[in-house]
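This report considers the nonpolar cores and the salt bridges of one protein model. The sequence and structure are shown first.

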Amino acid sequence: MKIVRKIIEINEELCNGCGQCVVACAEGAMEIVAGKAKVIADKYCDGLGACIGECPTGALEIIERMAEDFDEHAVEALLAAKKKAEAGPPPMQCGCPSSQVREFKAAVPGPALRHLSQPAGPSDSALSHWPVQIRLVPPTAPFLKGADLLVAADCTAFAYPHFHRDLLAGKVVMVGCPKFDDREAYVGKFAEIFATAGLNSLTLAIMEVPCCGNLRGIISEAMRRAGATVPTEVVVIGARGHIAGREKLAA
């Protein structure tokens, strides 16, 4: 049933797709679509505006308009579905080889990696462990303890030609897509890592596109939940493969 009530309105011109509102919405009513925040459906938004204070650009406001009434049961079903999706399929009885934790010494230290113009060899990798996907790395992985962690949007490794030499060397890495993967699952996993791993530093590598900015909000919320701070540097990669900016975040 539609009624006149309070509900969130999003100014798309001001929205930068950072995703902080998605994390802040306890009802799961928000998501990022094509780099912009969207209300999935009116019935999921309670109109209380908990997300407003998290928006860095002022793109959100509470208005009154004709909208479908807030449905608590629909919200419960939505959150349950999201939780089920986060859990993913049950593990194989024999264990999935792709998720087996492995550590191995990078054969060539970062500074010694050959110049890009020279032919690649089998040892030109700074990778020190497996797996690397955020969803597959357990928060208890031994390689995370006291590590210098690189959290990279997966496109950065394809866009930046010196990824291994300049970003990965000497670090452990977790990669994923903040646009297509589950944000709440990311927040929960990183919160556990920040609370237990005793990280030495964090480097956040993102692309120069709005949806990649979601990783900032995810990391910020995870640290808040964990009650931890880790020295952090954000490296922004341009679509043409250059470093478009670097920023050290205040502890």
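The sections below treat the cores and then the salt bridges of this predicted model.

## Nonpolar cores

The largest nonpolar core has 50 residues, and L144, F190 and F194 touch the most other members. The elements that each give two or more residues to this core are the strands β7 (148-153), β8 (172-176), β9 (201-207) and β10 (232-237), together with the helices α4 (163-168), α5 (183-196) and α6 (214-226). Helix α5 supplies the largest share, 6 residues.

Leaving aside neighbours within four places in sequence, F190 is in contact with I134, V151, M174, I218, I219 and A222. A second, separate core comprises 22 residues, including C15, Y44, A67 and A74.

The whole structure contains 8 salt bridges. One of them joins the side chains of K38 and E12, at 2.1 Å from N to O. Because K38 belongs to strand β3 (residues 36-39) and E12 to the loop between β1 (2-10) and α1 (20-24), this pair ties together parts that are 26 residues apart in sequence. K38 is partly exposed, at 29% relative accessible area, and E12 is also partly exposed, at 37%.

E221 forms a salt bridge with R224 (2.6 Å, N to O) and another with R225 (2.9 Å, N to O). Within helix α6, about one helical turn separates E221 from R224, 3 residues away, and about one helical turn separates E221 from R225, 4 residues away.

E221 is buried, with a relative accessible area of 12%, whereas R224 is exposed at 57% and R225 is partly exposed at 39%. Through shared partners, salt bridges join E184, E221, R224 and R225 into one network.

Methods: Residues numbered from 1 in each chain as written. Predicted model: local features only at pLDDT ≥ 70, side-chain atom pairs only at ≥ 80, totals over all residues. Heavy atoms only, no water. Core = buried A, V, L, I, M, F, W, Y, C linked by side-chain atoms within 4.5 Å. Buried < 20%, exposed > 50% of the residue type's maximum accessible area, 1.4 Å probe, protein only. Contact = heavy atoms within 4.5 Å. Salt bridge = Lys/Arg side-chain N within 4 Å of Asp/Glu carboxyl O.
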